[in-house]
Amino acid sequence: MRRLTHLLTPHSHESAGKLDSALETSARGMRALWVSLAVLGVTALAQAVVVAVSGSVALLGDTVHNAADALTALPLAVAFVLGRRAANRRFTYGYGRAEDLAGLAIVLTIAASAVFAGWTAVDRLLDPRPVEHVPAVAVAALAGFAGNEWVARYRMRVGRAIGSAALVADGLHARTDAFTSLAVLLGAGGSALGLRLADPVVGLAITAAIVLVLRDAAREVFRRVMDAVDPALVDRAEHALAGVPGVRGVGELRLRWIGHRLRAEVAVVVRGDVSVREAHRIAVAAEHALLHAVPRLTAALVHADPEPLPGEADPHLPLAHHATA
């Protein structure tokens with residue numbers, strides 16, 4: 001029934017359709033960035049006012065982290081804009097890799113905020129000072145939690161929908177910021193009880209939380225730069241190819257992310273006595289199956305290999321001396 005519905009439903013895998021889809025996903029990503037930038041910007045500004053009157057270094061660390069999180073929207077926005085540009089003779093795969101460069105910028109921004117927050121907390125430990133306007137600090141901390149949690153959910157939802165690892169990582173970053181805001185609330189409570197070191201100690205705890213986020217974000221960005229994909233996607237692609245009529249086996253299969261879109265390269269085995277036209281038809285059917293089976297896959301290069309006959313030399317033997325060790 002599903003196959004019949006698919007055949008009767010108008011759909012396209014032509015370049016224009018893929019471009020429209022790419023533009024749509026980039027537009028959704030841009031919208032998520034600007035909305036989250038506005039929410040976190042207002043949150044950080046409100047917290048900065050309270051920092052100025054209270055002198056809380058824990059809240060200062062949280063404010064700096066929120067401001068840095070808001071600013072990470074800028075390199076991602078540039079990446080989404082570049083990603084819309086068409087491929088050319090120099091950038092034959094397009095500009096989707098700009099999103100990975102934006103991920104590196106995000107990692108550096110998180111690292112800088114960790115250094116600043118840690119330095120400020122240590123300085124306050126060495127030179128303790130009372131926190132003023134504790135109730136205002138508590139309210140600002142709650143505002144930070146609410147703003148970050150909302151942004152986290154929004155970024156992750158959109159990031160997963162469009163396949164943007166950078167946007168999902170940024171959402172996880174915002175969720176951690178939400179819990180560091182609750183830590184500021186604990187510091188404010190300690191200050192209210194007369195514990196002068198509570199504020200800088202919480203500031204150090206926030207620094208540790210930022211470092212953990214930095215580790216996770218760096219790992220995600222490293223994997224994307226190194227062309228890592230979820231092995232489940234490979235399994236899904238192999239399963240789809242195995243079900244294509246005429247495909248006798250699946251050889252080398254490669255998937256890679258380019259920005260928030262996937263590309264595939266695969267060799268399929270076909271009968272050795274089929275015509276070139278028939279082999280091409282099978283390859284097209286294989287690509288079609290992949291486009292429907294693998295989420296966010298926009299293109300697949302399918303190579304048809306003839307099924308080997310007994311005693312026949314490997315048809316790829318002339319290429320053997322070009323293989324790398």
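Let's start with Asp100, which sits in helix 5 (residues 98-126); helices here are DSSP runs of H or I with at least four residues, strands are runs of E with at least two, and both are numbered from the N terminus. This is a predicted model, so local features need pLDDT of at least 70 and side-chain atom pairs count only at pLDDT 80 or more, while totals for chains, interfaces and linings use all residues. Residues are numbered from 1 along each chain as its sequence is written, and side-chain values use heavy atoms, with hydrogens and water left out.

Is Asp100 buried or exposed? Asp100 is buried, at a relative accessible area of 9%. The cut-offs are under 20% for buried and over 50% for exposed, with partly exposed in between (1.4 Å probe, protein chains only). Setting aside neighbours within four places in sequence, Asp100 touches Val221, Arg224 and Val225, where contact means heavy atoms within 4.5 Å.

## A salt-bridge network

Which residue meets the side chain of Asp100 in a salt bridge? That's Arg97, with an N to O distance of 2.8 Å. A salt bridge here is a side-chain nitrogen of Lys or Arg within 4 Å of a carboxyl oxygen of Asp or Glu, and by this rule the count comes to 11. As a general point, side chains of opposite charge can pair when their charged atoms come close.

Arg97 is partly exposed at 27% relative accessible area. Arg97 also forms a salt bridge with Asp227, and there the closest N and O atoms are 2.4 Å apart. That pair ties together distant parts of the chain: Asp227 is in the loop between helix 8 (198-225) and helix 9, Arg97 is in the loop between helix 4 (73-83) and helix 5, and 130 residues separate them. Asp227 comes out as partly exposed, with 27% relative accessibility.

Strand 1 and strand 2 run antiparallel and are joined by 8 bridges, and two strands count as paired if DSSP finds at least two bridges between them. Leu255 stands opposite Ala264 in strand 2. In the hairpin of strand 1 and strand 2, there are 2 residues between the strands, and Gly259 takes a positive phi near 70°. On the parallel side, strand 2 (residues 261-270) pairs with strand 3 over 9 bridges, and Leu262 has Leu297 of strand 3 as its bridge partner.

## Helices on the sheet

## Out at the surface

Arg271 and Asp273 make another salt bridge, their closest N and O atoms being 2.7 Å apart. Arg271 is partly exposed at 40% relative accessibility, whereas Asp273 is exposed, at 55%.

Which residues form a nonpolar patch on the surface? Trp34, Leu71 and Leu74 do, with about 300 Å² of accessible area together. Areas come from the Shrake-Rupley method with a 1.4 Å probe, and for residues only the protein chains shown count as cover. Patch members have over 30% relative accessible area and no salt bridge; like charges are joined within 9 Å, and nonpolar side chains (Val, Leu, Ile, Met, Phe, Trp, Tyr) within 5 Å. Leu71 belongs to helix 3 (residues 57-71), and with 48% relative accessibility, Leu71 counts as partly exposed.
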